[in-house]
Amino acid sequence: MPNVTFSSPIHRDKTVYAVAGSHTQTILKIAKDNHIPIDFSCEDGECGTCMVKVTVLSNKGAMAGPLTDKEIVVLKEHKKITQEEIDAMRVDDVSHARWRLACQLILRDEDLLVEY
Ligand code: FES
């Protein structure tokens with residue numbers, strides 16, 4: 001199971017060992033369950049409040065699923081993703097995006113650094 005390290009300039013870093021069943025959970029849900037104060041509002045991929053920077057730490061390569069349509073709209077509005085990244089993601093079926101919405105990103109079997 002993956003480790004997720006949450007990092008913030010104003011809070012102490014915390015690494016969470018994601019337990020069985022986490023493959024159906026969003027990064028925001030895992031953060032909330034572990035008392036990690038990621039800001040959020042709509043929890044539906046529309047407001048962008050939960051935007052986080054994601055770095056894959058395991059050496060298996062990126063495994064995170066493609067961005068949702070809502071994420072693409074919000075991340076494009078905030079200039080956090082390029083059309084080239086969107087096109088590559090659709091071909092590879094994995095996300096190489098550095099920015100994600102925590103309420104939309106489902107954890108897969110990869111160690112992540114999540115900066116919020
Ligand atoms: Fe609104 Fe995630 S909480 S986009």
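**Helix α2 and the overall fold**

The buried residues of α2 are Glu71, Ile72, Val74 and Leu75, where buried denotes under 20% relative accessible area, exposed over 50% and partly exposed in between, for a 1.4 Å probe and protein chains only. These buried residues pack against β3, α3 (83-92) and β4 (99-101); contact is defined as heavy atoms within 4.5 Å. Lys79, with a positive phi near 55°, follows α2. Helices (H or I, at least four residues) and strands (E, at least two) are DSSP runs, numbered from the N terminus.

The structure is a predicted model, in which local features need pLDDT of at least 70 and side-chain atom pairs count only at pLDDT 80 or more, whereas totals for chains, interfaces and linings use all residues. Residues are numbered from 1 along each chain as its sequence is written, and side-chain values use heavy atoms, with hydrogens and water left out.

Three helices and five strands make up the secondary structure of the chain, arranged from the N terminus in the order β-β-α-β-α-α-β-β. The radius of gyration is 13 Å, close to the 13 Å given by the globule rule for 116 residues, so the chain is as compact as a globular protein of that length. This radius is taken over C-alpha atoms, and the globule rule is 2.2 Å times the number of residues to the power 0.38. The C-alpha trace spans about 35 × 30 × 25 Å along its principal axes. Of the 116 residues, 41% count as buried. Among contacts between residues at least 6 apart in sequence, 70% join residues at least 24 apart.

The loop between β3 (51-56) and α2 (69-77) contains Ala64, a buried residue with a relative accessible area of 10%. Apart from neighbours within four places in sequence, the contacts of Ala64 are Asp93, Val94, Ser95, Arg100, Leu105, Arg108 and Glu110. Arg100 lies 36 residues from Ala64 in sequence, and their C-alpha atoms are 10 Å apart in space.

Two cysteines were also examined. Cys50 is buried at 4% relative accessibility, whereas Cys42 is partly exposed, with a relative accessible area of 32%. Zero disulfides are found in a search of the whole structure, a disulfide being a pair of cysteine sulfur atoms within 2.5 Å.

The chain carries 14 positive and 18 negative side chains, and the centres of the two sets lie 3 Å apart. Lys and Arg count as positive and Asp and Glu as negative, with His and the chain ends not counted; charges are placed at NZ of Lys, CZ of Arg, CG of Asp or CD of Glu.
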